[in-house]
2 protein chains.
Amino acid sequence: MSGSGRNSRPNGPAGRAGKRVTLRQVADSLGLSPATVSVVLNRSPVAASIPQETHDRVFEAARKLGYRPNMVARSLRSRRSFSIGVLVPEISEGYAAGVLSGIESHLRDEGYFYLVASHRTQADLLEEYMQLLKERLVEGFILVNSPIRESPGLPSVAVAGHEPMADVTNVAIDHDRAARLALSHLAGLGHERIAFFKGHAHSADTADRWQGILKAAAELGLEVRPELTLELGSDAVEETFSPEAGYEEGHAFGRRLLELSGDFSALFAFNDVSAIGAMRAFLDAGLRVPEDVSVVGFDDIQGAAFQNPGLTTVRQPLRKMGETAGKILLERLAGEDGHADLVTVVPDLIVRGSTGPPPGGSKRRRRKGARRR
Amino acid sequence: MSGSGRNSRPNGPAGRAGKRVTLRQVADSLGLSPATVSVVLNRSPVAASIPQETHDRVFEAARKLGYRPNMVARSLRSRRSFSIGVLVPEISEGYAAGVLSGIESHLRDEGYFYLVASHRTQADLLEEYMQLLKERLVEGFILVNSPIRESPGLPSVAVAGHEPMADVTNVAIDHDRAARLALSHLAGLGHERIAFFKGHAHSADTADRWQGILKAAAELGLEVRPELTLELGSDAVEETFSPEAGYEEGHAFGRRLLELSGDFSALFAFNDVSAIGAMRAFLDAGLRVPEDVSVVGFDDIQGAAFQNPGLTTVRQPLRKMGETAGKILLERLAGEDGHADLVTVVPDLIVRGSTGPPPGGSKRRRRKGARRR
DNA sequence: AGGGGTTACTAAAACGATTTAGCTGGACCG
DNA sequence: CGGTCCAGCTAAATCGTTTTAGTAACCCCT
């Protein structure tokens, strides 16, 4: 694949580190005007009247000189930057990174790049970054877990629960389906007394997911008992992006669950981190997972599969969500109107070792006494 | 903080979704020329001869009109894009995401944004992306775990082992120190027979880290035994970015280690994923960690802390490496020459529950018989 | 009064594309 | 033969800045 000689790039001016080839140079080399070269290269409708032979000459010259258009000049004139802005709370966090990966795969195919900014959940930073991105003429925004107060002023797509708002299309997981998957898996195993971790009050997904749970529970004839429901962050745990904090919280809440009432055979946690923490608390208390308690998480983070036992969890198709967001945004930029305000993406249930039938066969038995220490 | 009325953005034209305010409009509103406004706003040395009063008027007008420069126009003229290109194998992978987070924090302060491209370890894609980024006038590159064959033609910084090359400064972890940290921790606990997982042959860090291990072992008087050294990927495991594959591999290699020779009291793995897999294999075989075997990982991925026991590991300061890379690149762009070709970043040892004294006290005892199954 | 030096600006040329309006020369038509 | 049409281009404006080279006005000096 390497070229001949010491230069393996296409030979000629392009390979050199020096100046780039401009449209004018291509035109001059052909004895044509830049205008002609431009319309031909861009397959503009105006080029219809230009004979095939000239087309060929133009492309050939461009190739030979290694011409690459200067996107900045193009953007200035055509008012299109072929780039979009992506706002995330923090890029190194698994959720954002997964979604970004999906966004990227789609955009690149269409010649778009994206600029990212992490706002650390600070609303004023978020707004400032949106301004900076507008200066750079981004054509639209993708807001990952980034609630805004005001319409962005550009076509936008929000990933993860967001208030309805002008200009923004929401992409969210199908929470009803997620809850149905998890709960019918547990119900199918014979579980009847299920404990829940509800999300943090400010998390975008909390409300919708909880509604999904209530709905699915009702459909399945399961009872959601207040005494088996704990709300993460309810005791003013410092909000932090450290996953370890979430793990500790899950651990503490798992223990609390045992103390309040040992009478449950399964836990459906709000996310994997808290599920893993709780699972650890159960194991520490001498319970076996899944023989004594089953645990279901949410997200399918990287660590989930490596637990012992592996964590059964509802996988959020983060990549898919990113792809969808990118696709919708580009369609809107291309002028395709009439998109729904809300697009949902379907989650999957990943069954691993942390779930099994409740103790005492498929029919629940009081097992409070089973708790040993 | 919100403004009055229904518009909480600065009032006036800027708040409206419509046209942006241009430099010319600011100039006209003041009866000055765009040139003057430009030099004042940019604090150009030329503006020295312009009286304070005019400065004030200009700034005031710009503020009132909500003027925001068009970065694209600026880039075209000044040949500076205030953006850099970042190449990563895959953005959702923990390593890249961590480094990106560090890069970002530094760049933003200096008014830079970055464009990312994931090349999935395909050299031709990588080169194509570098071209695309050059079209967008990026001023330099940061190559995260992205070896290139040819000088990039722009100032660049590479994170993670990279051949020396023109234009590129390398930022790497101090492998010697990393190995010394891990091994002296184990030696300090009394371990003498230590098993190793060596990295995949093509991984950028493999060679350097192994050299560090050999060096540290020699310093500490530890013997590195070939029969206790396994090389990851040596049996043509399909290269994949799935961490689960790495985990499986660690699990298989952990078992193999036990089969080949149970005679070791500690394992220093190439990364956390394989360490976790091996740890699981040891536990499955009825060994206790750390009572029977100690395990040390490398990286400190998110899941490391959630294991049972928590994994002792060498933390790669990914954020710091990203920050350093960003800082060096910006300095080079600002014309500060004379950077070393190689800048190292110091790792930390995170001690958790997976390491302890070898069985039988601080003096090693043969414990082959201790293996039960 | 003429020269020199500031001070406070401005005109105009970039930057490298896209795009609109138009020009030229030949074919065709009545 | 004059007019219309079309094919095949080109000239020139434009996008919104930055930057270089001036210029006009004033003051100071000798």
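Predicted model: local features only at pLDDT ≥ 70, side-chain atom pairs only at ≥ 80, totals over all residues.
User: How do you know which residues belong around DNA strand C, and which come nearest?

Analyst: A residue is counted if its C-beta atom, placed from the backbone, lies within 6 Å of the strand. There are 28 residues around DNA strand C, and the nearest are Thr22(A), Leu23(A), Ala35(A), Ser38(A) and Arg77(B). By class, the surface near DNA strand C holds 14 nonpolar, 10 polar and four charged residues.

User: Which residues are closest to DNA strand D, and which helix supplies the largest share of the surface there?

Analyst: DNA strand D is surrounded by 27 residues, with Ala35(A), Arg77(A), Leu23(B), Ala35(B) and Ala73(B) the closest. Two or more residues each come from helix 2 (34-41) and helix 4 (71-78) of chain A, and from helix 1, helix 2 (34-41) and helix 4 (71-78) of chain B. The largest share, five residues, belongs to helix 4 of chain B. The surface near DNA strand D comprises 13 nonpolar, 10 polar and four charged residues.

User: Why is helix 1 of chain B called oblique to helix 3 of chain B?

Analyst: The axes of helix 1 (residues 23-30) and helix 3 (residues 52-65) of chain B come within 10 Å and cross at roughly 125 degrees. Angles of 65 to 115 degrees count as roughly perpendicular and those over 145 as roughly antiparallel, so an angle between these ranges is oblique. Helix 1 of chain B is therefore oblique to helix 3 of chain B. The crossing of these two helices of chain B is right-handed.

User: Which residues make the contact of helix 1 with helix 3 in chain B?

Analyst: From helix 1 of chain B come Gln25(B), Val26(B), Ser29(B) and Leu30(B); they meet Arg57(B), Val58(B), Ala61(B), Ala62(B) and Leu65(B) of helix 3 of chain B. Six of the residues in this contact are nonpolar, two are polar and one is charged.

User: How much of chain A counts as buried, and what does that term require?

Analyst: A buried residue has 20 or more other C-beta atoms within 10 Å of its own. In chain A, 42% of the 373 residues count as buried. The secondary structure of chain A comprises 11 helices and 12 strands. Of the contacts in chain A with a separation of 6 or more, 72% join residues 24 or more positions apart.

How values were computed
Residues numbered from 1 in each chain as written. Chains lettered and ligands numbered in written order. Axes fitted to C-alpha atoms, helices over the stretch in contact; angles between N-to-C directions. Helix = DSSP H or I, 4+ residues; strand = E, 2+ residues; numbered from the N terminus. Parallel < 35°, antiparallel > 145°, perpendicular 65-115°, else oblique. Left-handed = near helix turned anticlockwise from the far one by under 90°. Contact = placed C-beta atoms within 7 Å. Nonpolar A, V, L, I, M, F, W, Y, C, P; charged D, E, K, R; others polar. Buried ≥ 20, exposed ≤ 12 C-beta atoms within 10 Å, placed from the backbone.
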